Amino acid sequence: MDTSRLTVNEDAALSSGDEAYQRIRRDVISCRLSPGAIVTEPALMAAYDIRKTSLRIALTRLTQEGFVRSRPRKGYQIAPITLRDVEEVFTLRAQLEPLAARLAVGRVDLDRLRDLEAACRVQHPVLQLNDQIDVFMDANKAFHLAIAAACGNARLHHTLAGLMDEMSRLVALGFGVQKTKPEIKHDHNAMIAAFEEGDARRVELIARRHIETFQAMTLEKLYASLAETGAAIPVTGPGSWR
């Protein structure tokens, strides 16, 4: 038996599976795959032009992350967005992100933050609105995670990265249906100024205020979207759809 050929085939399958995972994951986060929707393997294979092996590698990883869940004899369910999700994501961000910001004082790359802040404000009129929201959220996530990465705590950075992905789903659902982009006003620049001054307390306060303001804005859009579409967010958490 030619074991080298088997290894090459296995590597190719894993590579294709990783690509499928990245594509499907992005569509889950952007809500192009609607929260709560039931999807089947044949439909996903056709939509993403991928083989069953690659799809199953992708679905295994997405299931482990909680973005999809197997539904026997039906297929897979895209994780719904619940009221508990909204509360937990913003509660954790409000506790952890100000801490990360305080720890990042004197460590974070200010030039990098300025570049990312500028990227958040770039207009992309040629793109569809959902794509504009994606571009904004990518830049916004990069801004916040640049701070988290500089805090010196790898676990804190990893946790915040996951929370930012979950928050992106809330933003996509709320702002996408309302056909408007999020606005960050001047909080990023205020945070950069506080970092420049080395004022850890002010950095922490601005980070918390920024999250609380964004939470209120996101909830407003989210509930407006639900009222407009006639949908309802389940009140309970993931255990309710097992």
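Thr 159 sits in helix 7, which covers residues 154–178, where helices (H or I, at least four residues) and strands (E, at least two) are runs assigned by DSSP and numbered from the N terminus. With a relative accessibility of 35%, Thr 159 counts as partly exposed; on this scale buried means under 20% relative accessible area, exposed means over 50%, and partly exposed lies in between, with a 1.4 Å probe and protein chains only. The C-alpha atom of Thr 159 is separated by 9.6 Å from that of Ala 148, eleven residues away along the chain.

The model is a predicted one, in which local features need pLDDT of at least 70 and side-chain atom pairs count only at pLDDT 80 or more, while totals for chains, interfaces and linings use all residues. Residues are numbered from 1 along each chain as its sequence is written, and side-chain values use heavy atoms, with hydrogens and water left out.

**Helix 4**

Helix 4 runs over residues 83–104, and its 22 residues should span 32 Å at 1.5 Å a residue, which agrees with the 31 Å between its end C-alpha atoms; the expected span is defined as 1.5 Å times one less than the number of residues. A kink of about 30° lies at Ala 94, shortly before the proline Pro 98, the bend at a residue being the angle between axes fitted to the seven residues ending there and the seven starting there. Both Ala 94 and Pro 98 are listed with the buried residues of this helix, among them also Val 86, Val 89 and Phe 90. After helix 4 comes Gly 106, whose phi is positive, near 85°.

**Salt bridges**

A search of the whole structure finds 15 salt bridges, each defined as a side-chain nitrogen of Lys or Arg within 4 Å of a carboxyl oxygen of Asp or Glu.

| Pair | N to O distance |
|---|---|
| Arg 93 and Glu 97 | 2.8 Å |
| Lys 141 and Asp 165 | 2.7 Å |
| Arg 209 and Asp 187 | 2.9 Å |

Arg 93 and Glu 97 are separated by about one helical turn, because they stand four residues apart in helix 4. An α-helix has 3.6 residues a turn, so residues three or four places apart point the same way. Both Arg 93 and Glu 97 are buried.

The salt bridge between Lys 141 and Asp 165 joins helix 6 (residues 129–149) to helix 7, so the pair ties together parts that are 24 residues apart in sequence. Lys 141 is partly exposed at 21% relative accessibility, whereas Asp 165, at 7%, counts as buried. These two residues also belong, with Arg 25 and Glu 65, to a network of salt bridges.

In the salt bridge between Arg 209 and Asp 187, Arg 209 comes from helix 9 (residues 200–229) and Asp 187 from helix 8 (residues 187–197), so the pair ties together parts that are 22 residues apart in sequence. Arg 209 has a relative accessible area of 41% and is partly exposed, while Asp 187 is buried at 10% relative accessibility.

**Positive phi in loops**

Asp 49 has a positive phi of about 55° although it is not a glycine, and its place is the loop between helix 2 (41–48) and helix 3 (52–65). With a relative accessible area of 70%, Asp 49 is exposed. Arg 73, likewise a residue other than glycine, has a positive phi near 65° and lies in the loop between strand 2 (68–71) and strand 3 (75–78); at 86% relative accessibility, Arg 73 counts as exposed.
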